[in-house]
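The reader may wish to keep the structure in view throughout.

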Amino acid sequence: MRKLFSILLAAFGTGLFISSCETTELDLTQDPNALSPSEAQVEFYVNSIQVRLADFIEDDFGRYGAELTRIENMFGRDYRNAYGPSDVNTEWDNAYQEILTDVREMQALAQEGEQFTHIAIGQVVEAIVITTLVDFFGDIPYSEALQGDANLNPATDPGADVYAAALALLDSAIANFNATSLDEPDIDFYYDGDKSKWIRLCNTLKMEIYLNTRLVDGGAVAAFKAIVDSGNYIQDSADDFQFQYGTNAVQPDTRHPRYGFNYINTGGQDYMSNWLMNLMDTSNDPRIRYYFYRQNATVPGADGTDPDEETLACSLTSAPQHYIDGGFTYCSLPNGYWGRDHGNDEGIPPDGLLRTVPGVYPAGGQFDDNSFDGISLGSGGGGAGITPLVLASWVDFWRAEIALLDNDPDGARDLMASGIMKSIAKVQPFAAVDAGADFSFEPSADDITNYMSSVESDFDDADMDGKWDIVAEQFYITLWGNGCDAYNFYRRTGYPSTLQPNVEPNPGTFVRSFFYPDNFANNNASVDQKADQTTQVFWDNNPASPAFPSAN
């Protein structure tokens, strides 16, 4: 995706700089109708920052969070090796050398031009990036970072201090959105120039910060509720914070990265999570045909189909004892849902045109209409998907978490139901992106009603632990496309307790925070690499691993 958007940004930048020097009057030194060089740079920076934010979540941390919480498949039986120090070098560089550096350079230019909306967008992006880095790494360089040659060994700041800085950035962003700018960004990828939506986003991001810090800050829940009471936060899906992709395949490639990676002539490259597909299939979740496209009607070893060593080696092996003891599904799912178990690190067989692939939501792929056709370049929606960053449905689940903490199960159930319905309503229109699909396979109103009745009934019948499990499972389903919140929720609460364990019985302790990138730890005299992945971020004061969270 970085190569993809480097081309895209180069196109934006070239267009801006060409327009700044076009003139037919040879005696003019500057075209009065064109952007000045400094203005052109500001536009290039704000475009770059917005695009790279989607990259930061889509290619990097949203996927890591999803893998650790079984929303996506994790390749590698040993947590230490699956997420080693060398695996996060690019992600770290993307944050510091690209996004945060661009933000700071843009702000200096925008301040001179009183371009306060540009500054505000940069502040929002910076707040998201630095809090995400804290969530995944713990203490990070911030106050001494981005100084170039002036400080080549920036020390880390406590995560709590970085979170406080993010809150300050969001408050400043709100003030800047409310200020009168001399001009507005030419391109707003997220809200098309609607600053009221940006302000709602700022308040929603503050809610997320308060939710994460509720274990260590006695005032966090009250601050969260105060924003809810104000009503000025993301409540409606029309205000969702998301990045929209196109269908252009080359020069530039604007397609959703998951589409570009999987919808090729040799077939899918990713494996879908057996845990998530099984959860949705066995509960008749109406979103499953949008989330996943089945290329094959059966899976070796399931539904009476013979095992096949060549395409699915595990179909010839017995389930590990800890899978049997826990009653977890293993290897072969029914109804053609062909994925992998958590931690399966077998080689890659010739199954690219057999395995299940990302569907029409959010990747812009194919809607599953029981056609069971192999995928190909350009099929389905052509990649016109989204990267979800903050959705109204997620906010309902945040509020459901607070309701459970307040011992208000009825309120939690209603908020969970609201979040599910918003998610379903968001997902369904994506079927139209796949113009060739048979829409008769879309869920009916009765299908949705029956699903909601089942979830709510199960919630009402469950004890408190069971209620937490159901809220967590439903939240994770809604988070398909970005697992950052799932990773945080799991460390905050330890739920759901129903997650499929690693195939390896002893995979090491769960990743409470990631190793620092080796490029950073090996070259910075102010930092020591972590001994392991058990270091808890500042807001996670739950019991240590392996007793917490509930599954490895």
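A residue is called buried here when its relative accessible area is under 20%, exposed when that area is over 50%, and partly exposed in between. By this criterion, buried residues make up 58% of the 552 residues in the chain. The model is a predicted one, and the values below are computed from it.

The overall form may be taken next. The chain contains 18 helices and six strands. Its C-alpha trace spans about 80 × 55 × 50 Å along the principal axes. A compact globule of 552 residues would have a radius of gyration near 24 Å, and the chain agrees with this expectation because its own value is 24 Å.

How many cavities of 30 Å³ or more does the chain have? The count is two. The largest cavity has a volume of about 300 Å³. It is lined by 22 residues, of which Ile128, Thr131, Thr132, Leu205 and Glu208 are the closest to its centre. Several elements contribute to this lining: α5 (116-137), α6 (159-178), α7 (195-212), β6 (386-390), α13 (392-405) and α17 (484-493) each supply at least two residues. The greatest contribution is that of α5, with six residues. Sorted by class, the lining of the largest cavity consists of 14 nonpolar, five polar and three charged residues.

The second largest cavity has a volume of about 30 Å³. Its lining is formed by Arg77, Cys314, Tyr330, Asp341, Asn344, Glu346 and Val503. These residues divide into three nonpolar, one polar and three charged.

The largest pocket holds about 500 Å³ of space. Among the 21 residues of its lining, Trp92, Tyr96, Gln97, Leu152 and Pro154 are the closest to the centre. Two or more residues of this lining come from each of α4 (89-112) and α18 (518-523). Which element gives the largest share of the lining of the largest pocket? That element is α4, with six residues. By class, the lining of the largest pocket has nine nonpolar, nine polar and three charged residues.

In the second largest pocket there is about 380 Å³ of space. Its lining comprises 18 residues, and those closest to the centre are Arg63, Glu67, Asn73, Phe75 and Asp270. Both α2 (37-68) and α9 (257-262) supply at least two residues of this lining, and α2 gives the most, with three residues. The classes represented in the lining of the second largest pocket are 11 nonpolar, two polar and five charged residues.

Tyr361 and Pro362 are joined by a cis peptide bond with omega of about -5°. Pro362 belongs to the loop between β5 (357-358) and β6. A cis peptide bond also leads from Ser545 to Pro546, where omega is near 5°. Pro546 is located in the segment after α18, an element that also gives two or more residues to the lining of the largest pocket.

Gln251 has phi near 45° and sits in the loop between β3 (241-244) and α9. Is Gln251 exposed or buried? With a relative accessible area of 74%, Gln251 is exposed, since that class begins over 50%. Asn335, likewise not a glycine, has a positive phi of about 65°. The loop between α12 (321-326) and β5 holds Asn335. The relative accessibility of Asn335 is 36%, and therefore this residue counts as partly exposed.

Terms used: Residues are numbered from 1 along each chain as its sequence is written. This is a predicted model: local features need pLDDT of at least 70, side-chain atom pairs count only at pLDDT 80 or more; totals for chains, interfaces and linings use all residues. Side-chain values use heavy atoms; hydrogens and water are left out. On a 1 Å grid over the protein atoms alone, a cavity is a set of points where a 1.4 Å probe fits but cannot get out, and a pocket is an open set with protein on both sides within 12 Å along at least five of seven lines; lining residues have an atom within 4 Å of a point. Grid points are joined across faces, edges and corners, and a volume is the space filled by probe spheres set on the points. Helices (H or I, at least four residues) and strands (E, at least two) are DSSP runs, numbered from the N terminus. Ala, Val, Leu, Ile, Met, Phe, Trp, Tyr, Cys and Pro count as nonpolar, Asp, Glu, Lys and Arg as charged, and the others, Gly among them, as polar. The radius of gyration is taken over C-alpha atoms; the globule rule is 2.2 Å times the number of residues to the power 0.38. Buried means under 20% relative accessible area, exposed over 50%, partly exposed in between (1.4 Å probe, protein chains only).
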